[in-house]
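My notes are below the display.

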Amino acid sequence: MRRAIPLVLLFLSGCSVGHYEYSSEAEKRVDMTVTGIPTVMGLGTLGTTIPLTAKYSLTAAHVAKFSMYKVKAWHPECDLAVVYHDNSESNLPPRFRNGNIGDRVNLYGYSFISAMPVASSGTNLINTGLENSWNKLSCVVVAADAGVVQGMSGGAVYNASDDSIGGVIVGYSKEINDNTTGKTLYKDVALYVPYSRFKDWLENAIKS
């Protein structure tokens, strides 16, 4: 990824941005997890996980926090976690590769609205800052003009050119503004943590 420029993420809002659609391919690549505390009506929220090994999966930290899975490792800066999960029937291991600005990407996850696997496509636009309860400003994320719906957090971002995983979905934003001028640079973008930000941490997290 190119060096981060001085941008600031304004806010996360709504329940989706951009276009996404049902995808049987997403069902092959990622898993759904129920998060939060179920109510008497059977309601809750959904998140997505990425199978890594026969016993570990990768997801967003804010998904892992409220999921039913035991956490193996938390990333110290990024909104990421490795959780224990039986992936014995998955096609493993996945291949990771960092992408570049301008590359085409495909996003896979599960929709909170329909509880169905969904996918979207877009282009890596820019590196941007993201600071919240789960992600420190030092963990620079990538903004892409791909669709995202609530529930896709923890899902996989695939590099379209070679079908490798380039990152993990952590959210979306209605706007990204220039930190100096306040000018709106992009609207309705997906946000993901690129592989370059968690490569070493991930390798250490799944060693044992």
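The entries that follow cover the ground rules, the cores and then the strands.

**Ground rules.** I am working from a predicted model, where local features need pLDDT of at least 70, side-chain atom pairs count only at pLDDT 80 or more, and totals for chains, interfaces and linings use all residues. I number residues from 1 along each chain as its sequence is written, and side-chain values use heavy atoms, with hydrogens and water left out.

**Cores.** I looked for nonpolar cores, meaning sets of buried Ala, Val, Leu, Ile, Met, Phe, Trp, Tyr and Cys residues joined through side-chain atoms within 4.5 Å. Buried is under 20% relative accessible area, exposed is over 50%, and partly exposed is in between, with a 1.4 Å probe and protein chains only. The largest core has 36 residues, and Leu58, Val82, Phe96, Val193, Phe198, Trp201 and Leu202 touch the most other members. Elements that each supply at least two of its residues include strand S6 (56-59), strand S15 (184-194) and helix H3 (199-205). Strand S14 gives the largest share, four residues. Helices (H or I, at least four residues) and strands (E, at least two) are DSSP runs, numbered from the N terminus. I also noted a second, separate core of 15 residues, with Leu107, Val118, Val142 and Tyr172 among them.

**Val82.** I listed its contacts (heavy atoms within 4.5 Å). Leaving out residues up to four places away in sequence, Val82 touches, among others, Leu52, Leu58, Val71, Trp201, Leu202 and Ile206.

**S9.** I checked burial here: six of the seven residues of S9 are buried, so the strand is largely enclosed by the rest of the structure. For pairing I required at least two DSSP bridges between two strands. S9 runs antiparallel to S10, with seven bridges joining them, and Tyr108 stands opposite Ala119 of S10. The two form a hairpin with six residues between them, and Ala115 in the turn has a positive phi of about 60 degrees. S9 also pairs with S13, antiparallel, over four bridges; there Val105 has Asn159 as its bridge partner.

**S14.** Which strands does S14 run antiparallel to? I found S13, joined by four bridges, and S15, joined by nine. Tyr158 is bridged to Ile165 in S14, and Asn177 to Thr184 in S15. The S13 and S14 hairpin has four residues between the strands, with Asp163 in the turn at a positive phi of about 65 degrees. In the S14 and S15 hairpin, five residues lie between the strands and Gly182 takes a positive phi near 80 degrees.
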